[in-house]
Amino acid sequence: MIGEIDHIEIEVSDASETAEFLEKIGYEQHRQTEHHGESYEYVPSEGDGPLFEIHTVSGEETPGINHIAFAVDDIEAVSERLEEADVDSIVGPYDVEKTGRTITNFRDPDGNRFQVVSDDE
């Protein structure tokens, strides 16, 4: 039903500083968007690995992992299966214009947020 990790969103104190850090350890910028104010997406320069989406915290947010997202081909079917399985706090699927993706959010028993994502491209 759910496969490989698509991305991990991390809320940080300073997105620019974290972007520089990711470059130091071998990641390269994939894109920059206005998602969450200003968001950077980084992928490994070599090899496989998940995309890291980072943005500076604001308001009541605190630094840390915001969510882990899994790539899916049929987000409608996966979202329906999550509902049938009685998974908590399902929101979606809905389109995110700034990233060109369709997402569904849900929570584990401890309240941690997860996401399934489908590229609209």
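R101 has a relative accessibility of 9% and counts as buried. In this predicted model, R101 takes part in salt bridges with D6 and with D119, and the three residues D6, R101 and D119 are linked in a network of such bridges.

**Salt bridges**

The structure holds three salt bridges, listed below.

| Pair | Closest N to O distance |
|---|---|
| R101 and D6 | 2.7 Å |
| R31 and E41 | 2.6 Å |

D6 is buried, with a relative accessible area of 16%. D119 is partly exposed, at 44% relative accessible area.

Between R31 and E41 there is a further salt bridge; R31 belongs to strand β2 (residues 27-33) and E41 to strand β3 (residues 39-44), 10 residues apart. R31 is partly exposed, with a relative accessible area of 21%, whereas E41 counts as buried at 3%.

**Helix α2**

Helix α2 spans residues 75-84, and its buried residues are I75, V78, S79 and L82. These residues lie on the same side of α2, because they cover an arc of only 100° around the axis. The face turned away from this buried side carries the exposed residues E76 and E84. The cover over the buried residues of α2 includes β6 (88-96), β7 (101-107) and β8 (113-119). After α2 comes D86, whose phi is positive, near 65°.

Key:
Residues are numbered from 1 along each chain as its sequence is written. This is a predicted model: local features need pLDDT of at least 70, side-chain atom pairs count only at pLDDT 80 or more; totals for chains, interfaces and linings use all residues. Side-chain values use heavy atoms; hydrogens and water are left out. Buried means under 20% relative accessible area, exposed over 50%, partly exposed in between (1.4 Å probe, protein chains only). Helices (H or I, at least four residues) and strands (E, at least two) are DSSP runs, numbered from the N terminus. The arc is that of the directions from the helix axis to the C-beta atoms. Contact means heavy atoms within 4.5 Å. A salt bridge is a side-chain nitrogen of Lys or Arg within 4 Å of a carboxyl oxygen of Asp or Glu.
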